[in-house]
Amino acid sequence: MCVGIVGTILKMNKYSATIDMHGARRDISVDLLENVNPGDQVMVHAGVAIAKIHEEESEDIEDY
């Protein structure tokens, strides 16, 4: 089973980003994703963004 956490991208450079996860800030890799920008929400596992989360999906995830 894989556990992922949703975070919002605050700032980016070429291959990494700083995200906010409910007040905690972390630097993560964004190597696996294309077209992510500050303000986007991403699913993070083991310090790597594994999926871009769309607004509708984010609401469903936060319900759990």
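## Strand pairing

Strand S1 (residues 5–12) pairs with strand S4 (residues 41–45) in the antiparallel sense, over four bridges. Strands here are DSSP runs of E with at least two residues, numbered from the N terminus, and two strands pair if DSSP finds at least two bridges between them. The model is predicted: local features need pLDDT of at least 70, side-chain atom pairs count only at pLDDT 80 or more, and totals for chains, interfaces and linings use all residues. Residues are numbered from 1 along each chain as its sequence is written, and side-chain values use heavy atoms, with hydrogens and water left out.

S4 also pairs with strand S5 (residues 48–53), in the antiparallel sense and over five bridges. Met 43 in S4 stands opposite Val 6, and its bridge partner in S5 is Ala 51. S4 and S5 form a hairpin with two residues between them; in the turn, Ala 46 has a positive phi of about 55 degrees.

## Surroundings of Ser 29

Ser 29 lies in strand S3 (residues 24–29). Beyond its neighbours within four places in sequence, Ser 29 is in contact (heavy atoms within 4.5 Å) with Tyr 15, Ser 16, Gly 47, Val 48 and Ala 49.

## The salt bridge

One salt bridge is found in the whole structure, the term meaning a side-chain nitrogen of Lys or Arg within 4 Å of a carboxyl oxygen of Asp or Glu. Asp 40 forms a salt bridge with Lys 52, and their closest N and O atoms are 3.4 Å apart. The pair links distant parts of the chain, twelve residues apart: Asp 40 belongs to the loop between S3 and S4, and Lys 52 to S5.
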